[in-house]
Amino acid sequence: MRIRVSLVPSEELNAGTAEVGFVNVECGKGTQIVRWLAHEAVRRMEELAGIPTSTPSLVPQAVSDATGIILDPDTVLKEVAKDGDSVLVRFGRGPEDFTTKWRNRPTARPFDWDAMDSKGVAIRPDHDAWLKDLDLYMYGVDDMVEEIHAKTHENARADDVKNVKAVMTEFGGFIQAVFKLYEAKGDGDDGDVDRLTLEQFRMLCRDFAKGLTNEYVDECFNAVLPQNMKGARKGSVSTTMDLNGFFVAILKVAAKVFGPETKGGFQELAPRLEYFLKRDAFPVLAPVFEKVHDELRGAVTPEVVSLLKRAKRLMAKTLDSCQLRRTPDTAGHLDVRYLSVHATRWGIVSEDAGKGRDDVVSLEQLTTYVVYVKQLAAAGDVEKFTIQGAPYEVDQGEFERLLVSMAYFTYNAAMLTEAEQREEEKKAKEAAAAAARETEGYEDGEQDEGVEEDDEAAEVTEAKPDGPSITFAEYLRTYLDSIFEKAGALVAIEPPKIEI
């Protein structure tokens, strides 16, 4: 692979924005990362310009493709370019390189000097810290308490808000899962992750609360936007809701569905939320995760466990390629917001899922598997879902289980297609045999002994149909190798050709 690299100075050099030179870089099979190509191009430019390479003064700041899109420098080259392509490298003064950010760039976890234990190991915040810090008063939940109920005793209003928080905590894992699932539906903005659009919220309400008007649904959505909160700063405008706002929006929906004016409604807010989740929300998503649990029941076999043990280091390298680490000893945790970007790049997630392709999953399916893996202990029971960190993260063990789940889904789809093809071939052979018998002049009930023996043999064959052409462990090995190679964790080495 040969790549033409145009070199353009950054604005800090005050040297204009035109190309100052180009180099053709031989990249072999393209298994290097984009970062290597950029540094190699700048090194060659310095060499041609007579700048001593022992003390390089210039470093690449960004790499963009022919359309001007800034590339992730840690992407394997052959994923974003092919032989003969051109890229543009913008360079500037060092020592810090790649100061220009790219779309969906992974970020390292913020470093907290105080969050250390006695051994100097970083202490991770509680997984439910975000929910504990949720201030319901800022969203005006206290104003939602019915005045009749608020007058029953001095602390009635505060107690109702406190009880609402308790219900949110009890069913927080489920509400969080609902947020993630509907975030993946429709045409959401890939760059605006962990946010729910108005259309996605409308889709949720059509599934959970069919009796609500569009006007009320829109009112619930708009009420939790940052600019409409108590004490909102001027100029803060958003058109999407975050996870905290979603919790309150669900409360507003429940408050309407089980309001005191409805049959079986409540004066208090807390029971309205609880009954809404149990009666209207659980039945919608419970079958989804029960089905996933049943489908994946046979995925982890002793052969698969053995394969994953052998692939531990490759799995760790692949995880590292998706998420930057603040320090080398930081435990690997992948922010799920970046997972879909890399999964698409690896070719295991695609918009074409279900459109004649059984080797990929959709973004919605990926999200479902992420939730299932995070809630593995619940065994598909949505009522047992527990609160997870926000945003969602997966560690290496969960990452492995996620890839196995996706592979098992595509494996079963491929084997089903294979079985259908075998059945069609069988029917075609039977039709051809019937046609041949008619041509030879056979009539119904007039078959010789040889034909009867053939029929008996056919019955034996039908009793023992051909099984899958490949086991899941074999399929998984190929599936993971493809991911490892595309992530740059595994490089195929071909033996040298020896001419005799």
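Mentor: Let us begin with contacts, where contact means heavy atoms within 4.5 Å. Not counting residues up to four places away in sequence, leucine 37 touches Ile3, Val5, Val25, Cys27, Leu77 and Val87. Please note that this is a predicted model, in which local features need pLDDT of at least 70 and side-chain atom pairs count only at pLDDT 80 or more, while totals for chains, interfaces and linings use all residues. Residues are numbered from 1 along each chain as its sequence is written, and side-chain values use heavy atoms, with hydrogens and water left out.

Trainee: Is leucine 37 buried or exposed?

Mentor: Buried means under 20% relative accessible area, exposed over 50%, and partly exposed in between (1.4 Å probe, protein chains only). Leucine 37 has 1% relative accessibility and so counts as buried.

Trainee: In which helix is leucine 37 placed?

Mentor: Helices (H or I, at least four residues) and strands (E, at least two) are DSSP runs, numbered from the N terminus. Leucine 37 lies in helix H1, residues 34-49.

Trainee: How do the strands S1 and S3 pair with S4?

Mentor: Two strands pair if DSSP finds at least two bridges between them. Strand S1 (residues 2-9) runs parallel to strand S4 (residues 86-93), joined by six bridges; valine 8 has arginine 90 in S4 as its bridge partner. Strand S3 (residues 58-64) is antiparallel to S4, also over six bridges, and valine 59 is partnered there by glycine 92.
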